[in-house]
There are 2 protein chains.
Amino acid sequence: MTVSKAAGKSSEKPAETAKGRKDVAEAQPEALQLGELSEQLGYILKRAQLKVFENFLRCMASLQLTPAQFSVLLLVEKNPGRNQTEIASTLGILRPNFVAMLDNLESRDLCARIRSTNDRRSHILVLTDKGKAVLARARKLAATKHEARLNDLLGQANREALIAMLSKIASEF
Amino acid sequence: MTVSKAAGKSSEKPAETAKGRKDVAEAQPEALQLGELSEQLGYILKRAQLKVFENFLRCMASLQLTPAQFSVLLLVEKNPGRNQTEIASTLGILRPNFVAMLDNLESRDLCARIRSTNDRRSHILVLTDKGKAVLARARKLAATKHEARLNDLLGQANREALIAMLSKIASEF
DNA sequence: GAGATTTGATATGGTCCATAACAATTATCA
DNA sequence: TGATAATTGTTATGGACCATATCAAATCTC
């Protein structure tokens, strides 16, 4: 499919000076026909995902947390004592790419790497006090400003049905 | 959230020599707890999207079409006589990034740029005969091998409900 | 006709994703 | 025990995708 961000301003000037118009009837030449595209699963799924991430970033602007970083903090808190490989692979992140991510979180004092005494190759991951505090605030922002939008948009029952279907796709498609 | 591809082999050797096991009870130390993550809209949405794209690529392997390329062919066919800017912006692709994409499709003789006689700045996009033939085959593959999976997985009614909800998110979130 | 705007294009930088390779450490097992 | 294999975190590197600035040619505006 396609669908990028292009978050910028859409420059939708109301512009009474509409460019195209055959002067009489002849509908607006603008606005292409999406056709089958609007029913292509991948296309609509990607567009929805971009919108959701975009909204997430706005909601977390005060904490400067990306979706990926939020998922790391959540997983480390829920699974204390795990090493980088375990956390990364659970999230679908390759170990090499997880290094820079942790460097970032650690430099902001949100989490820490601790050399394991059992296996001195591995780094045990833990949240710092600041990390726990930030996560608590992030969790609240996500719930009230982000996830709540889904209820406003779809209603509680539909929201749950949506999550269930997406989970099924994620695990069985 | 996170979620990359890491499509590779998961190397799930049945391995009777399971690594962790406290010898008695003590469940498997493997498998982390996802916790709230499994209900985070963005996380599950991204994972589902990756799975769907992955499957799409497999289904289109014989035609070597990516989701983005497929969407371009669909849109050009449905909207003959449009220029690059119109097609690109409809798909959320920035014009500079659309150039290489068209170079690719054109080099494979799937579509062609035609200098407009009205406005000699713009390139009118059309599908070549080969492009139409490939699209026809792609459309069939997508319908029978890709989209059909959704029905198998969710059922017709749920599939339609899912598409509708995603569309709503894509346009109103 | 001068200046602003649009179109396709190039150059460039950022982010994310994937693979190979390496040193340190640990596991295997002959 | 000791040589070899495997694992962990890491670096280096390349590819794909995304975004911005800038340009020449053509068109529009007035």
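In helix α2 of chain B, the buried residues are B:Pro67, B:Gln69, B:Phe70, B:Ser71, B:Val72, B:Leu73, B:Leu74, B:Leu75 and B:Val76. That makes nine of the 12 residues, so this helix is mostly covered. Keep in mind as you look around that this is a predicted model.

**Helix α2 of chain B**

- Helix α2 of chain B covers residues 67-78, and at 1.5 Å a residue it should span 16 Å. Its end C-alpha atoms lie 17 Å apart, which agrees with that expectation.
- What covers its buried residues? The cover includes α1, α3 (84-90), α4 (95-107), β2 (123-127) and α5 (129-154) of chain B.
- B:Glu77 also lies in this helix, while B:Arg139 lies in helix α5 of chain B.

- B:Asn55 belongs to helix α1 of chain B, which runs over residues 41-59.
- Is B:Asn55 buried or exposed? Its relative accessibility is 3%, so B:Asn55 counts as buried, the cut-off being under 20%.
- Leaving aside residues up to four places away in sequence, B:Asn55 touches A:Phe173, B:Lys145, B:His146 and B:Arg149.

**Chain A as a whole**

- Chain A contains six helices and two strands. Read from the N terminus, their order is α-α-α-α-β-β-α-α.
- Chain A has 173 residues, and 42% of them count as buried.
- Take the contacts in chain A between residues at least 6 apart in sequence: 52% of these join residues at least 24 apart.
- About 9,600 Å² of chain A is accessible surface, and carbon and sulfur atoms hold 51% of that.

**How the two chains pair up**

- Chain A can be superposed on chain B by a rotation of 180° with 0.0 Å of shift along the axis, giving an RMSD of 0.1 Å. The two copies are therefore related as by a two-fold rotation axis. In chain A, the C-alpha nearest that axis belongs to A:Leu162, at 3.3 Å.
- How many residues take part in the contact? There are 70 residues from chain A and 69 residues from chain B.
- Because 99% of the interface residues of chain A are also interface residues in chain B, the copies meet through the same surface.
- The size of an interface is often given as the accessible area lost when the parts come together. Here chain A and chain B bury about 6,500 Å² between them, with 67% of it on carbon and sulfur atoms.

**Salt bridges**

- Side chains of opposite charge can pair when their charged atoms come close. Over all chains, the structure holds 14 salt bridges, and two are found across the interface of chain A and chain B.
- B:Glu36 pairs with A:Arg139, where the closest N and O atoms are 2.7 Å apart.
- B:Glu77 and B:Arg139 meet in a salt bridge of 2.6 Å, N to O. The pair ties together parts that are 62 residues apart in sequence, because one partner sits in helix α2 and the other in helix α5 of chain B. B:Glu77 is partly exposed at 33% relative accessible area, and B:Arg139 is partly exposed at 25%. Through shared partners, salt bridges join A:Glu36, B:Glu77 and B:Arg139 into one network.
- A:Asp119 and A:Arg121 meet at 2.8 Å, N to O. A:Asp119 is partly exposed at 26% relative accessibility, whereas A:Arg121 is exposed at 70%.
- B:Glu106 bridges to B:Arg113, with the closest N and O atoms 2.9 Å apart. B:Glu106 counts as partly exposed, at 30% relative accessibility.

Note on methods
Residues are numbered from 1 along each chain as its sequence is written. Chains are lettered from A and ligands numbered from 1 in the order in which they are written. This is a predicted model: local features need pLDDT of at least 70, side-chain atom pairs count only at pLDDT 80 or more; totals for chains, interfaces and linings use all residues. Side-chain values use heavy atoms; hydrogens and water are left out. Helices (H or I, at least four residues) and strands (E, at least two) are DSSP runs, numbered from the N terminus. Buried means under 20% relative accessible area, exposed over 50%, partly exposed in between (1.4 Å probe, protein chains only). Contact means heavy atoms within 4.5 Å. Accessible areas come from the Shrake-Rupley method with a 1.4 Å probe; for residues, only the protein chains shown count as cover. Copies are superposed by least squares on the C-alpha atoms of residues with pLDDT of at least 70 in both. The expected span of a helix is 1.5 Å times one less than its number of residues. Buried area is the accessible area (1.4 Å probe) that two parts lose on being put together, summed over both. A salt bridge is a side-chain nitrogen of Lys or Arg within 4 Å of a carboxyl oxygen of Asp or Glu.
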